[in-house]
Amino acid sequence: MNTIAVDQLTQTFAALADPTRRAILARLAEGEATVNELAKPFPITVQAVSKHLKVLERAGLITRGRSAQLRPSRLQGAPLQEAAEWLETYRRFWQGSFDRLDERLQAND
């Protein structure tokens, strides 16, 4: 794996490490939203949500547009796809481990 891909994964997972940012991404999966719209369900300030959006934007997980005074945010799927592909390798590893365990348990019956 090249260095750029690892750096992107590092940024992606660092951004996903925070539950507020994960909730923001879940909301953006439904469609674009402004900072005020994103801030509504959280017990934090609009400024705090804006900081979370900057982290997500630096990680390439969202883009922020400009429409008059509004800056709607949109989900970007490419970094999430890359992370999912990386995790898939480990899912296959664990699935294989569980399959072997199941075979052993079946053999002991």
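Mentor: Let us begin with a definition: helices (H or I, at least four residues) and strands (E, at least two) are DSSP runs, numbered from the N terminus. This is a predicted model, in which local features need pLDDT of at least 70 and side-chain atom pairs count only at pLDDT 80 or more, while totals for chains, interfaces and linings use all residues. Residues are numbered from 1 along each chain as its sequence is written, and side-chain values use heavy atoms, with hydrogens and water left out.

Trainee: How many aromatic pairs does a search of the whole structure find?

Mentor: A pair of aromatic rings is described by the distance of the centres and the angle of the planes. Rings of Phe, Tyr and Trp (its six-membered ring) pair if their centres lie within 6.5 Å; planes under 30 degrees apart count as stacked, over 60 as edge-to-face and the rest as tilted. The search finds 3 aromatic pairs. One of them joins Trp86 and Tyr90, which are tilted, at 4.9 Å centre to centre and 50° between the planes. Trp86 and Tyr90 are separated by about one helical turn, because they stand 4 residues apart in helix 5 (residues 78-108). For Phe93 and Trp94, the ring centres are 5.3 Å apart and the planes are at 75°, so this pair is edge-to-face. Phe13, Trp86 and Tyr90 form one aromatic cluster.

Trainee: Which accessibility class do Trp86 and Tyr90 fall into?

Mentor: Buried means under 20% relative accessible area, exposed over 50%, and partly exposed in between (1.4 Å probe, protein chains only). Trp86 is partly exposed at 32%, and Tyr90 is partly exposed at 40%. Phe93, at 46%, is also partly exposed, as is Trp94 at 49%.

Trainee: How many salt bridges are there?

Mentor: A salt bridge is a side-chain nitrogen of Lys or Arg within 4 Å of a carboxyl oxygen of Asp or Glu. The count comes to 3 salt bridges. One of them joins Arg74 and Glu32 at 2.8 Å, N to O. This pair links distant parts of the chain, 42 residues apart: Arg74 is in strand 2 (residues 73-75), and Glu32 is in the loop between helix 2 and helix 3. Glu88 forms a salt bridge with Arg91 at 2.7 Å and another with Arg92 at 3.8 Å.

Trainee: Which side chain of opposite charge is nearest to Arg21?

Mentor: Lys and Arg count as positive and Asp and Glu as negative; His and the chain ends are not counted. Arg21, in helix 2 (residues 19-28), is buried yet has no salt bridge, the nearest side chain of opposite charge being Asp18 at 4.4 Å. A polar contact is a pair of N or O atoms within 3.5 Å; within protein, one must be able to donate a hydrogen and the other to accept it, and residues adjacent in sequence count only if both atoms are side-chain atoms. The side chain of Arg21 makes such a contact with the side chain of His52, at 3.1 Å.

Trainee: Which residues of the largest nonpolar core touch the most other members?

Mentor: A nonpolar core is a set of buried Ala, Val, Leu, Ile, Met, Phe, Trp, Tyr and Cys residues joined through side-chain atoms within 4.5 Å. Among the 16 residues of the largest core, those touching the most other members are Ile24, Leu38, Val49, Leu53, Leu56 and Leu61. Helix 1 (3-16), helix 2, helix 3 (35-39) and helix 4 (46-58) are the elements that give two or more residues to this core.
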